[in-house]
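Welcome! Please take a look at the structure below, and then let us walk through some of its features together.

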Amino acid sequence: MDIVRRNHVTVTGNAEGPAVVLAHGFGCDQNMWRSTVPALARDYRVVLFDYVGSGRSEPAAFSEGRYASLQGYARDAVEVCEALDLRDAVFVGHSVSAMIGVLAAGTAPERIGALVMVAPSPRYIDDDGYRGGFSAEDIDELLTSLESNYLGWSAAMAPVIMGNAERPELGVELKNSFCATDPDMARVFARTTFLSDSREDLKSVRVPTLVLECTQDAIAPREVGAYVHHAIAGSTLVTLDATGHCPHLSAPEATNEAILAFLGSLR
């Protein structure tokens, strides 16, 4: 199957500029980057795509066996880069896509030359000496609720994930994005996301890396940002003046400024 169609790949911006790949998180699609694309388009070749099972990707390409691990999603990212013959691209990953970017960079280091991690979390479940923000019971309850009533879960969780209660339209947008995802495919992506543990993978990162965290984030608390920063040698940690788990939607100016400053440092 043609990868461009399979992953609904779109390319915009400066065709002669360095490539920047924007990768969405769970329950989202490439439209979530609409406030970031204009900031990059003048100087960078901007690549967007939807993971199989999300957005306008090709549903027939979905395989539970492939997407039951983050490596399956990393294969999507690498194959998109290969199809476009990208070299040394900057991979900007939101939420779970930050860890997918780590795996993709490890798999195809010639394709991905730098990482931007927006609200990353290598593990959501607390562990000895590690605070991910959730107990194992929390995650079990979350997944049980999602699997038994996906639409109800989406309506309840989207405002919590988005934060910014004074701007309810943002939570509504995220809920609508969740609800547009096939529930069976979302179930697989959710289990893959919330049960993942990528802490060891962070130690293998050898490319320039920017870690972006928010001042308050119900999904990835500040301790997680600090952990990721310390685990990746030479990384840069920026705390955005933003709340919630989706700063590219709730605080696009601050998010874009941080990304552009990092991209400028690479040139």
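## Aromatic pairs

In this predicted model, the count of aromatic pairs comes to 14. One of them joins F62 and Y67: the ring centres lie 5.4 Å apart and the planes meet at 20°, so this pair is stacked, since planes under 30 degrees apart count as such. Are these two residues buried or exposed? F62 has 19% relative accessibility and therefore counts as buried, because the cut-off for that label is under 20%. Y67 is buried too, with a relative accessible area of 1%.

Y73 and F189 form another pair. Their ring centres are 4.2 Å apart and their planes are at 15°, so this pair is stacked.

Another ring to look at is that of Y130. The charged end of R199 sits over this ring, 5.0 Å from its centre.

Next, find helix α6 (residues 136-148) and helix α7 (residues 150-162). Their axes come within 5 Å and cross at roughly 125°. The two helices are therefore oblique to each other.

Which residues make the contact? From α6 come L142, S145, L146 and S148, while α7 brings Y150, W153 and M157.

Finally, turn to the strands. Seen in order, β1-β3-β2-β4-β5-β6-β7 make up an open sheet of 7 strands with mixed pairing. At the edges stand β1 (10-13) and β7 (236-243); each has a single partner strand, so one side of each is left without a neighbour in the sheet. On average, neighbouring strands here are turned by 20° against each other, direction ignored.

Strands of a sheet pair through backbone hydrogen bonds, either parallel or antiparallel. For a parallel example, look at β2 (residues 19-23) and β3 (residues 45-48), which are joined by 4 bridges. Within β2, V20 stands opposite V46 in β3.

Key
Residues numbered from 1 in each chain as written. Predicted model: local features only at pLDDT ≥ 70, side-chain atom pairs only at ≥ 80, totals over all residues. Heavy atoms only, no water. Pairing = 2+ DSSP bridges. Axes fitted to C-alpha atoms, helices over the stretch in contact; angles between N-to-C directions. Phe/Tyr/Trp six-rings, centres within 6.5 Å; stacked < 30°, edge-to-face > 60°. Buried < 20%, exposed > 50% of the residue type's maximum accessible area, 1.4 Å probe, protein only. Lys NZ or Arg CZ within 6 Å of the ring centre and 35° of its normal. Parallel < 35°, antiparallel > 145°, perpendicular 65-115°, else oblique. Contact = heavy atoms within 4.5 Å.
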